[in-house]
Amino acid sequence: MKNYVDSKSKETGGFKEPDMPFRYYYSDYSKGFPGFTLHWHDEIEVMYIVKGKGTFLIDDEEYLVSEGDIVYISPRLIHSGQAIDNNNFITICYVIDSSYLLSANGEYNTDKYISSLMDTKITQTLIKSKDPGYKKIKNALHMIDLCTAEKGIAYQLEIKMHFYSFFAQLYKNGYLAVSSSRTLDRENEELVKKAINYIQSNFSKQLTVNEIAKHVGLSPSHFMNVFKQHTKVTCIKYINSFRLNIAETILKETDESVLQIAQDCGFNNLSLFNREFKKAYFTTPTQYRKNYRDEAQKYVDEYGYSSGLTAMVQNQKNDKSAELNKQQ
């Protein structure tokens, strides 16, 4: 089976320029994007809430976010996010490799601020419109959006300039401060990461809490307490959520039967899979796939080209055309 795990650790609708270590995601949750499950990475992540309300779990803290909010996620922190209302939640996500902002020759005045970002704790994860410096911080992100969309001459330089402005405003307004420790206990954080890695590598198998606890070297009861403390969900609920996320991707990207997808994702009982899927996505797997294909077909018919949403439908049309040409 194709590796769908890496794709589910990233928000949908994104792209990365080949010459820039910067990823940009525009996520419309009404298009079937359920949110992102618990994960972490070495890059800095910034989220701007375009519309609606959602919840984020970052470094063992829960945040309610709404339109206009800016969320800053420091490197290596476990985090996840989801919509409160899937029909009314849109976000823009910026994932930035700090090395992209470092100077080529180690220029001191730039690098003393940028190089420390990997070990710098944000003093206020959620920045709202009433907070100091908000307008300038938001404007820097808005200018990055414009450069990304228009791709004018030397737009890469402009994007870099606006990122410098963004981080400068965070420093000037006291949002960034060097910290020698995280709010999470380092040892337990690493154990939770190890457990999540194990789950993501073995989600298609019949996993048990005892098995995962043994893998990380804890008793089952202690492991369950540690896992829930740092993720706000039980281990079983996380396994189930991750499997459903993978299943949702396979439904959209393949023609595999629902039964096969359920089995590939660790659900041996089809009725259980259908019930859990409907609870998470408010429709059956079969109807979800049909809705997605119908939406994709509209894009192909209207615009005449495929996007990340429509690539599969376009490929199917091309295959049918090729088959007809052969017959002729």
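## Helix α6

In this predicted model, the exposed residues N210 and K214 sit on the face of helix α6 that is turned away from its buried side. The buried residues of α6, which spans residues 209-216, are V209, I212, A213 and V216. Viewed down the helix axis, these buried residues fall within an arc of 100°, so they line one face of α6. An α-helix has 3.6 residues a turn, so residues three or four places apart point the same way.

Just after α6 comes G217, which takes a positive phi of about 85°.

## Overall make-up and confidence

The secondary structure of the chain consists of 12 helices and 12 strands. Of the 328 residues in the chain, 47% are buried. Among contacts with a separation of 6 or more, 68% are between residues 24 or more positions apart.

The chain has a mean pLDDT of 80, and 75% of its residues reach 70 or more. Over residues 180-184 the pLDDT stays under 50, and the model gives this stretch 13 contacts beyond four places in sequence. Residues 305-317 also have pLDDT below 50; this stretch has 29 contacts in the model beyond near neighbours in sequence.

## Surroundings of V46

V46 is part of strand β4, residues 44-51. Its relative accessibility is 0%, so V46 counts as buried. Leaving aside residues up to four places away in sequence, V46 touches I70, V71, Y72, I92, C93, Y94, I96, L141 and F166.

V46 and V95 are 49 residues apart along the chain, and 6.5 Å separates their C-alpha atoms.

## Aromatic pairs

Across the whole structure, a search finds 14 aromatic pairs. One of them joins Y72 and F167: the ring centres are 6.4 Å apart and the planes stand at 90°, so this pair is edge-to-face. Y72 belongs to strand β7 (residues 70-73) and F167 to helix α4 (residues 155-172), so the pair ties together parts that lie 95 residues apart in sequence. Both Y72 and F167 are buried.

F277 and Y281 form a pair with ring centres 4.5 Å apart and planes at 25°, so this pair is stacked. F277 and Y281 are 4 residues apart in helix α10 (residues 270-281), a separation of about one helical turn. F277 has 0% relative accessibility and counts as buried. Y281 is buried as well, with a relative accessible area of 11%. Ring pairs also link F203, F223, F227, Y238 and F242 into a cluster.

## Packing of α8 against α10

Helix α8, residues 235-253, packs against α10 at an angle of about 90°, with the two axes 11 Å apart. The two helices, α8 and α10, are therefore roughly perpendicular to each other.

On the α8 side, the residues that meet α10 are N240, L244, N245, A247, E248 and L251. Their counterparts in α10 are F273, E276, F277, A280 and Y281. The stacked rings of F277 and Y281 thus belong to residues that meet α8.

Technical notes: Residues are numbered from 1 along each chain as its sequence is written. This is a predicted model: local features need pLDDT of at least 70, side-chain atom pairs count only at pLDDT 80 or more; totals for chains, interfaces and linings use all residues. Side-chain values use heavy atoms; hydrogens and water are left out. pLDDT is the predictor's confidence in each residue, from 0 to 100. Contact means heavy atoms within 4.5 Å. Rings of Phe, Tyr and Trp (its six-membered ring) pair if their centres lie within 6.5 Å; planes under 30 degrees apart count as stacked, over 60 as edge-to-face and the rest as tilted. Buried means under 20% relative accessible area, exposed over 50%, partly exposed in between (1.4 Å probe, protein chains only). The arc is that of the directions from the helix axis to the C-beta atoms. Axes are lines fitted to C-alpha atoms, for helices over the stretch in contact, and angles run from 0 to 180 degrees between N-to-C directions. Angles under 35 degrees count as roughly parallel, over 145 as roughly antiparallel, 65 to 115 as roughly perpendicular and the rest as oblique.
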